Amino acid sequence: MIVKVFGRTVGYSYLTFKINALWKPAAKLDYVDLGRDFFLIRFSCVDDFDKVLKGGPWFIRGHFLAIRPWEPYFKASKAKLTTVAVWIRFLELPIEFYDRSVLKEIGSVIGPVLRIDAYVASSSRGSYARLCIQVDLEKPLINMVRIGKCRQSVLYEGNYALCFSCGRLGHTRDKCCYNIKQGAKNGENGEAHKA
């Protein structure tokens with residue numbers, strides 16, 4: 001996977017130390033400095049990889065650690081940090097929607113679904129559904145999804161750098177440079193629809 005600390009420059013040694021302390025991997029991790037604060041992390045153990053994805057979001061000194069899948073022909077000089085993987089929860093989601101394919105379809109309204117929590121998939125946890133979604137940082141976050149007649153709120157886990165004014169990750173309300181008008185067109189007010 002490719003990682004970058006959002007909003008802060010960190011060195012190779014510091015990043016490897018902090019990630020090892022945060023993730024506590026069972027097997028060796030290989031780190032490659034890709035330049036421009038991007039790092040490639042290779043996992044020796046699939047369980048470590050799953051633990052990192054399921055345990056997020058991760059923060060280093062209060063800054064969001066953006067995680068994205070490895071992609072071929074990646075060049076740090078041309079890469080933009082426009083998408084990150086975040087965990088979301090649908091609190092009190094009606095039980096009839098606790099199906100892997102249905103959850104994937106609902107989650108796809110917010111962004112590409114990367115993972116569905118294993119407990120959710122087995123319907124053993126009914127208080128909320130938990131999905132890992134790849135969100136676009138250049139668009140306002142969706143905080144409400146309409147599923148037929150049901151309005152379902154979306155809770156973003158670990159949203160320390162989430163602006164509740166414009167709905168974007170990476171800054172807080174007091175540092176917001178966007179001006180969002182209330183009640184604008186669908187999608188601009190943070191609500192998406194899924195029939």
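## K4 in strand 1

In this predicted model, K4 sits within strand 1, the stretch that covers residues 2-5. K4 has a relative accessibility of 19%, and because buried means under 20%, this residue counts as buried.

## The surroundings of K4

Leaving aside residues up to four places away in sequence, K4 touches R36, D37, F38, F64, L65, A66 and L81. One of these residues, D37, shows how the chain brings separate parts together: K4 and D37 are 33 residues apart in sequence, yet their C-alpha atoms are 5.9 Å apart in space.

## Strand 5 and its partners

Strand 1, which holds K4, pairs with strand 5 in the antiparallel sense, and 4 bridges link the two strands. Within this pairing, V3 stands opposite I67 of strand 5. Strand 5 itself runs over residues 63-68 and is mostly covered, with 5 of its 6 residues buried.

Strand 5 also pairs with strand 4, a strand made of residues 59-60, again in the antiparallel sense but over 2 bridges. Here I60 has H63 in strand 5 as its bridge partner. Strand 4 and strand 5 form a hairpin with 2 residues between the strands, and in this hairpin R61 takes a positive phi near 50 degrees.

Note on methods: Residues are numbered from 1 along each chain as its sequence is written. This is a predicted model: local features need pLDDT of at least 70, side-chain atom pairs count only at pLDDT 80 or more; totals for chains, interfaces and linings use all residues. Side-chain values use heavy atoms; hydrogens and water are left out. Buried means under 20% relative accessible area, exposed over 50%, partly exposed in between (1.4 Å probe, protein chains only). Contact means heavy atoms within 4.5 Å. Two strands pair if DSSP finds at least two bridges between them.
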